[in-house]
Amino acid sequence: MSTERTGMRTSTRALLAVALLAGFYLLAAAVVVGLVWLNVELVVNSDHLRPAMIKIWLLSAAIAYPVLRVVFLTRRRRDDSDEGLPLTREEQPELWARVDRIAEATGVRGPAEIRLVPQVNAGVYEETRLLGLIPGPRHLIIGAPLLIGLTEAELDSVLAHEFGHYANNDVRLAAVTVSGRTAIGHTIATLHARADQNVADKAREIAEDNAYRSARGRKTRNDEDTGNGGIERFLAKFFTLYAKLYFRVSESISRSQEYAADRHAARIAGRDATASALRRIPVLDAAQSFYLNSYATMGVDAGLLPLPGQFFGGLDRLLADPERREELAELGLELPDEQPDPYDSHPPISQRVAVVEALEDTPGLRGLTSDRPALALLRDPQQRLADLETLALIPEARQMRRLDWPDLVHEAMLAHARENAQPVLRALTDSGLHGTVEAMLDALDAGRSAELAQRLPQSEEAAQATGRAAREFHRPLLRGALRSLTVLALASKNAARWELSWSRPAALVLPGDADRRLTEALDAAVADAPDTAPLRTLLAELTAARS
């Protein structure tokens, strides 16, 4: 199909999408106007219904009010443009110069503001009016993980892509369709949120009423009778049906915009840098989630966080690890074979990469460094990341104790060790013993292994077993419990320490051949004929070496 025919078909769809967007608001207005008309008709022509008019008016108001409030009166948040850390021209001249250069090369107006956000995201948002027809100030958001994980050339391609959405002259109404998708999605999400709040309010009302009834010995209400969210839920489902039609119509426009923006990015930043960024961003998203869950928040339960600037900034340490770098590089080469979602505004990433890699190579803008980490564009990046933490973390998190990575890992793992030892500590105290590893060894020597095992968490099958079968079930239980106590004792006395690794889980490090000896000593202590001497000897040696 020729470019001219493609452009005509896309423009036709754009006009249809705009018409459907106007129809969305007309549909909402029709609901309100229809209710008003119905009430007038009932008053004028239905004398027999006049005694029930108050109820009818209340029902009509219950339907009309959320439509007016949510569809027409609610001020929509401008995505992430009002969040994050502002980066001013005075503070960050190199970053601003880079952004200005990319915007100029794209042929569009640059942003009035740049903000740093924690997400793996970048975007240009415009304060438009009349559904995008009247332009306004532009705001650029840049995700800290992109600065940490991309090169400058790859960041150029991301910025050029975002500005490219405003440079596509083939689809002049595209901004309206994009604004329409956002506005309709916001309306439906708000209706669902109000419905969820109705359910929560009803649940709280029932809980308070049941507390009052219970205090007086009266029968309580069913606490599951919270409803489905009222008229807001119905309206959300009603408008969702219309939204699906709009999204299907506007989908091809949005996707053509993505491909056009990718072409702009390849022309300005280079084909290879653009393809590399497209491959790397999903990998960065996965790496960021893994890093936050496995490293940055590993000490939260113990009231610990990394040093300021490292909660988000520590991602660069994970990315710099040779094994992780190789693993992430392989992920970038193995793009998922996704099936296109008919309601997604973005084509599958594999298709976008294939289209970009089929383009002719371009050198990108001259005079711009390309292979440095993009984070080098920031002045004092660690302080900026620390400032971002102050905005992003909840007050309780900001009050937590900050440690460098080696101490954080050790203290966090020590807290986990204390938690893991709780079942055996309870078993010992319930048996009238002290909560120490020495007390458990004494109990094993005294033949109380079965008694202790019965007090440990175990499967129903293990609990019912007898004789030899019971001993086989109990052995791993006792060994695991004894190891928990031993590890806790050694770590608490600084005779053992967990060491940080960016490529594998933290490991408890013991001196010399102590790790092998510990394995053998634990096996001996829980044997049918317990021998606790090797473990007692090892504990004495290791603790003496630290004293």
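Reader: What share of the 547 residues of the chain counts as buried, and what makes a residue buried?

Author: In this predicted model, 42% of the 547 residues count as buried, a word that requires under 20% relative accessible area, whereas exposed requires over 50% and partly exposed lies in between (1.4 Å probe, protein chains only). Residues are numbered from 1 along each chain as its sequence is written, and side-chain values rest on heavy atoms, with hydrogens and water left out. Since the model is predicted, local features need pLDDT of at least 70 and side-chain atom pairs count only at pLDDT 80 or more, while totals for chains, interfaces and linings use all residues.

Reader: What makes a set of residues a nonpolar core, and which members of the largest one touch the most others?

Author: A nonpolar core is a set of buried Ala, Val, Leu, Ile, Met, Phe, Trp, Tyr and Cys residues joined through side-chain atoms within 4.5 Å. The largest such core has 55 residues, of which L95, I114, L116, I142, L147 and Y291 touch the most other members. Helix α8 (residues 271–296) gives the largest share of this core, seven residues. Another core, of 41 residues, lies apart from it and includes L414, A421, A453 and L490. In soluble globular proteins, nonpolar side chains tend to be buried together.

Reader: Why are α8 and α11 given the class of orientation that they have?

Author: Helix α8 packs against helix α11 (residues 322–333) at about 140°, with the axes 8 Å apart; axes are lines fitted to C-alpha atoms, for helices over the stretch in contact, and angles between N-to-C directions run from 0 to 180 degrees. Angles under 35 degrees count as roughly parallel, over 145 as roughly antiparallel, 65 to 115 as roughly perpendicular and the rest as oblique, so α8 and α11 are oblique to each other. In this contact, α8 supplies R279, V283, A287, F290 and Y295, and α11 supplies R324, L328, L331, G332 and L333.

Reader: At what angle do the axes of α15 and α20 cross, and what is the handedness of the crossing?

Author: The axes of helix α15 (residues 405–420) and helix α20 (residues 467–492) cross at roughly 145° and come within 9 Å. Their crossing is left-handed, a term for a near helix turned anticlockwise from the far one by less than a right angle, with clockwise giving right-handed. H410, L414, A417, R418 and N420 of α15 meet S484, L488, A491 and S492 of α20 in this contact.

Reader: How do you know whether D380 and N494 are buried, exposed or partly exposed?

Author: D380 has 46% relative accessibility and therefore counts as partly exposed, and N494, at 45%, counts as partly exposed as well, because these values lie between the 20% and 50% limits. D380 has a positive phi of about 50° although it is not a glycine, and N494, also not a glycine, has a positive phi of about 60°. D380 is placed in the loop between α12 (349–357) and α13 (381–392), while N494 is found in the loop between α20 and β7 (497–499).

How values were computed:
Helix = DSSP H or I, 4+ residues; strand = E, 2+ residues; numbered from the N terminus. Contact = heavy atoms within 4.5 Å.
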